[in-house]
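Hi,

Here is the structure I said I would send over. Have a look first, and my notes follow below.

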Amino acid sequence: MVAMAYLIASVLIIFALKGLASPETARRGNFFGMLGMGIAALVTLQLDSVQNYAWIVAALAVGGLFGGVTARKVPMTHMPQTVAFMHSLVGLSAVLIAVSAFIDPVSYGIADAHGGLYPASRIELFLGTFIGAITFTASLIAFGKLQGLLSGKPLVFGGQHWLNLVLGLVMIAAGILFCVTQGMTPFLIMLAVAMVLGVLLIVPIGGADMPVIVSMLNSYSGWAAAGIGFTLGNNMLIVAGALVGSSGAILSYIMCKAMNRSLFSVLLGGFGGEAAAAGGGSVGERPVHSGAAEDAVFLLKNARSVVIVPGYGLAVARAQHALKELVDVLLKMDVNVKFAIHPVAGRMPGHMNVLLAEADVPYDIVYEMDEINPEFSDTDVVLVIGANDVINPAAKTDPSSPIYGMPILEVGKAEHVIVIKRSLAAGYAGLDNDLFYMDKTMMLFADAKKACETMLQSLD
């Protein structure tokens, strides 16, 4: 019965991943995932090996309270760092279970006749421990960068990659020594080095690559869970961890392809620091066509088709609800309105989709990059809100640009472009954007939410 329940739970997890592949089915996917994990948890609590429920109930109460309060209070703008923080907890739990199993292998059923660890169990502990430790510290650093507690600028120093290589070799050597001797010292060395590696792997990675890193940490957390699943002999953990790990890895590959960067180059870091200083690319250096909200409204009212491109600036300003009201008015005026989403817009995969879903934007007017790009040449007005690098024509026109070859939303093909930004500061890639200086582009320098509200008043 336990095996059957775990099988059902595993199938539900697969349905969850399938559902999360589309905004239209995401709620259903979440429901399947919660149902599957609920079944797995309840079945596990009925096992004979669970003898003391006091600590379990206490942990459920504390964790449930913390999770519930956090879910209600965290704004959508902080969702990427919240996801990174949750990944750190998965890594920490894997480490704690591994340490517990190492200290008391008999209770975990992984001890041989002499009370030592089975050879296979040593390898499983080695894998689960170092993957979990790297996930834990790497996720904390990613959380700090996304939350603004740490600088989002890449921290690069001479010999960095060689240092990481040496530490990696030391970690593997200590792990092999642990597998041979079962000694406490090599186990602790392996654990400590893995935690340091987690830090060093993330500090050289800048803001432009954060969406990829969030999905990579998701993958790491899955593999950590799968490794500990082998230690515990829990098939459900193995299956769920492998699904999360593999899907996260596939997503990371897709994200890298959307940025025209290899996963290896992302992990090496050093690209995509904080936005350039506000003075960079100022109006005084290159002429731009700036306008007021009334000018933007004139273009929107006289357009047959409008495509809206949201970026991280939309999230920062929390402008999604004001934008939705603006869209409703345009639709009532028989303007054909669509949204264009770039795969790496925002700070985590699907960030813009989540924001638009929160504002109840209809799914059928939200288009991915490959779907919408052919339509820009027939579009009257493109309204860009807070996006930068994902619309930079240098990716198509400048072979010397670091983002050359990166697929972009080709908004420059539209008849008119309206860009709402606070300033001409560069994006995460630290590059100036030639789109802002085109004759067809009108810059509306304002907070995204205030700009949408002002345009809405003018339309009414």
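Which domains does the domain assignment of the protein chain give? There are domain 1 (1-73), domain 2 (79-268) and domain 3 (293-459), with bounds that come from an automatic or database domain assignment. Taken over C-alpha atoms, the centres of domain 1 and domain 3 are 38 Å apart.

Before the details, some housekeeping. This is a predicted model, where local features need pLDDT of at least 70 and side-chain atom pairs count only at pLDDT 80 or more, while totals for chains, interfaces and linings use all residues. Residues are numbered from 1 along each chain as its sequence is written, and side-chain values use heavy atoms, with hydrogens and water left out.

On to the strands. Helices (H or I, at least four residues) and strands (E, at least two) are DSSP runs, numbered from the N terminus. Strand β5 (residues 416-421) has five of its six residues buried, so the rest of the structure largely encloses it; buried means under 20% relative accessible area, exposed over 50%, and partly exposed in between (1.4 Å probe, protein chains only). β5 pairs in the parallel sense with strand β4 (residues 381-385) over five bridges, and also with strand β6 (residues 441-445), again parallel and over five bridges. Pairing here requires that DSSP finds at least two bridges between two strands. Val382 stands opposite Val417 in β5, and Ile418 stands opposite Met442 in β6.

Arg122 may interest you. It is found in helix α5 (residues 119-147). Arg122 is buried but has no salt bridge, meaning a side-chain nitrogen of Lys or Arg within 4 Å of a carboxyl oxygen of Asp or Glu. Its nearest side chain of opposite charge is Asp112, 4.7 Å away (Lys and Arg count as positive, Asp and Glu as negative; His and the chain ends are not counted). A polar atom of the Arg122 side chain does lie 3.0 Å from the backbone oxygen of Leu117.

Asp334, however, has a positive phi near 65°. Asp334 is in the loop between α13 (320-332) and β2 (336-341), and counts as exposed at 71% relative accessibility. Asp360 also has a positive phi, about 65°. Its place is the loop between α14 (351-358) and β3 (366-368), and at 56% relative accessibility Asp360 counts as exposed.

Cheers

Terms used: A polar contact is a pair of N or O atoms within 3.5 Å; within protein, one must be able to donate a hydrogen and the other to accept it, and residues adjacent in sequence count only if both atoms are side-chain atoms.
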